Structures are given as structure tokens and as C-alpha cells.
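Please follow this explanation with the sequence and the model side by side, taking each part of the chain in turn.

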Amino acid sequence: MAPGAVIGWDMGAALSLAQALGINPLITVELLPEIEAVMVRKLNEQMVNAEGAGIRP
């Protein structure tokens, strides 16, 4: 995380979590970048909207 923005996930941690949950590693490496991109975009949108509403994240 950068001041005021999310820039990405810890992919090592995400892959370890997927492994612990028994998710196929090949599926994980295929889908995780797409999921991360959407989540980062949405989290940043929420922070901007919260800031505009006077809410401090």
C-alpha cells in the first residue's frame, strides 16, 4: 500500500493461502492477476469515495 492508494497484493501470501485452501496452483496463477487487478481498482475507488464523503480510511 502506498499513502492513499493500494498498489497490489502480496502474491506470495496469496499463493500460500490458495495452497493452504487446496486450490489448484495452476488455476491460482491463471486467475489471481485478474482478481487482483479488479480488487485493487475497487479498493482505490472506495477510498476516493470515502475521502470525498469526509471519511478517513
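K42 and E45 both belong to helix α2, where they stand 3 residues apart, about one turn of the helix. In this predicted model, the two residues form a salt bridge, with 3.6 Å between their closest N and O atoms. Side chains of opposite charge can pair when their charged atoms come close. The structure holds 1 salt bridge, and because the cut-off for such a pair is a side-chain nitrogen of Lys or Arg within 4 Å of a carboxyl oxygen of Asp or Glu, the K42 and E45 pair at 3.6 Å qualifies.

From here the reader may turn to the other helix. At the start of α1, D10 places a side-chain oxygen within 3.1 Å of the backbone nitrogen of G12, and α1 is followed by G22, which has a positive phi, near 80°.

How do the two helices meet? The axes of α1 (residues 11-20) and α2 (residues 25-52) come within 11 Å and cross at roughly 130°, which means that α1 is oblique to α2. The crossing in which α1 passes α2 is right-handed. On the α1 side the contact is made by M11, A14, L15 and A18, and on the α2 side by T28, V29, L32, P33 and E36. Sorted by class, this contact of α1 with α2 comprises 7 nonpolar residues, 1 polar and 1 charged.

Methods:
Residues numbered from 1 in each chain as written. Predicted model: local features only at pLDDT ≥ 70, side-chain atom pairs only at ≥ 80, totals over all residues. Heavy atoms only, no water. Axes fitted to C-alpha atoms, helices over the stretch in contact; angles between N-to-C directions. Helix = DSSP H or I, 4+ residues; strand = E, 2+ residues; numbered from the N terminus. Parallel < 35°, antiparallel > 145°, perpendicular 65-115°, else oblique. Left-handed = near helix turned anticlockwise from the far one by under 90°. Contact = heavy atoms within 4.5 Å. Nonpolar A, V, L, I, M, F, W, Y, C, P; charged D, E, K, R; others polar. Polar contact = N/O pair within 3.5 Å; in protein donor to acceptor, adjacent residues only side chain to side chain.
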